[in-house]
Amino acid sequence: MQDSSVLWEETIEPGASWSHVLKRGAVLHMTDLEGGANVGALFYNFECPVERYNMADTLKAQHIARLTEGFVLFSDMGRILCSVVADSVGWHDPIGGCSNAAVVRAKYGESRYQEARNACHRNGRDSFLVELAKWGLGPRDLVPNVNFFSRVSVSEDGGMEFQEASSPPGAYVELRAEMNVLAVLNTCPHPLDPNPKYAPRPVRLAIRHGAPAGADDPCRLSRPENGRGFILTERYFL
Amino acid sequence: MSGTRIVESRLDPARAVYRFEVPAGEPWLHEVKKGQYFRIVDLKGNQAVDTLFYNAHDYSDRYSAQDTIREQRNIYLTTGTKLMSTGGAVLLTIVADTCGRHDTLGGACANESNMVRYAIEKRFMHACRNSFLKGAIEWGRGLEKRDLTCNINFFMNVPVTPEGKLTFEDGISDPGKYVEMRAETDVLVAISNCPQLNNPCNAYNPTPVEVLIWEGL
């Protein structure tokens, strides 16, 4: 990014983790450098982490089973943690969840640090738990996560299907923090990715200053539910 | 795996070791031991039964909606569904189901989510997450808000479309329909018999449900 408001950029290496407290108004721009990336993500109110991203409230408030520009991520307290303010992909998966050690071992075989060094196999659940532990959080704080850049569609009979090549090289998605949000991310492969080879991808992050949503913000206006979510979020900061 | 599998149980309610009618709007917490069978009966029809499960010996290992639907590659729960924990264990298996489809994406209603979904003035209305909190406080043993995560909505119909839309539809349950599970490990069951009056999940009329437990076969 060439934007002068960018505070810094960094890359989440393939299969690695990242966490940071995004201050209210900050914008996180994520770029899928090579295409086919997956970013497992969880979000917490940093001041009171028992308030956290809630998959069900996010889906039912907006009547969606996908995330894209104009939608928001709700906490369990009726407030908005993040808004999706830009998106070149059109579909990010909120239902597929994360892998765990057993899933990764069964799918890709064993690959330990001792032999593979930093290319060793990592899984979503353990990655979340280690990163959460750095903030004093644990297994009780692990809730359903979002998978950015991945697409899982649902058929009429409820079957879940991972859509390959949903995110091309250079694809991006941009989140604006509406609270002081602890964001916990990793680039482990999506648990439903049919690729038989363990092939996580790098994701470039750019963090920049922004401003809280204005009166005419598209995420605020996209649904009356979101409008009320913004009101409740703004009251929290009064 | 198909999204609907109607299977009747051969267990006789007269031989159950435990029977209790959970009134509308009330919580119910109870342990079910490994090998026992646990049934929920929708007595009056179209009643959403919000349900959480925990490993009875470690509440941090609890029901996971995402692990459950990922393992079976299907978002609807029915006969044959293994209810997975966050730690990767099978907590219970659905062994009979006369309704055919149950939701696990719609979550539990709350004062706060009702304010978002319907109107800020709806804060006063009784909601599942208040019932769960009341149940957790009374149960004690360290159970608290952090432990109230994703739940199952038995008898509730929340279809997802191929275009990625999610809707709350009229129920597909009728009076007397039931779902039955076998506990694969000792579990704590927490139910909120849903008091929601703002959408059709209870046909706008919350009603009691019955819970039954049988010893293992």
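How many bridges join strand E7 (residues 90-97) of chain B to E9(B)? This is a predicted model, in which local features need pLDDT of at least 70 and side-chain atom pairs count only at pLDDT 80 or more, while totals for chains, interfaces and linings use all residues. Residues are numbered from 1 along each chain as its sequence is written, and chains are lettered from A and ligands numbered from 1 in the order in which they are written.

**View 1. Strand E9 of chain B and its partners.** Strands here are DSSP runs of E with at least two residues, numbered from the N terminus, and two strands pair if DSSP finds at least two bridges between them. E7(B) and E9(B) run antiparallel and are joined by 5 bridges, with B:Leu92 having B:Ala183 as its bridge partner in E9(B). Strand E3 (residues 37-42) of chain B also pairs with E9(B) in the antiparallel sense, over 6 bridges, and there B:Ile40 stands opposite B:Val179.

**View 2. The loop residue A:Glu34.** A:Glu34 lies in the loop between strand E3 (27-32) and strand E4 (39-45) of chain A, and counts as partly exposed because it has 15 C-beta neighbours inside 10 Å. Leaving aside neighbours within four places in sequence, A:Glu34 is in contact (C-beta atoms, placed from the backbone, within 7 Å) with A:Pro169, A:Arg201 and A:Pro202.

Terms used: Helices (H or I, at least four residues) and strands (E, at least two) are DSSP runs, numbered from the N terminus. A residue is buried if 20 or more other C-beta atoms lie within 10 Å of its own, exposed if 12 or fewer, and partly exposed in between; C-beta atoms are placed from the backbone. Two residues are in contact if their C-beta atoms, placed from the backbone, lie within 7 Å.
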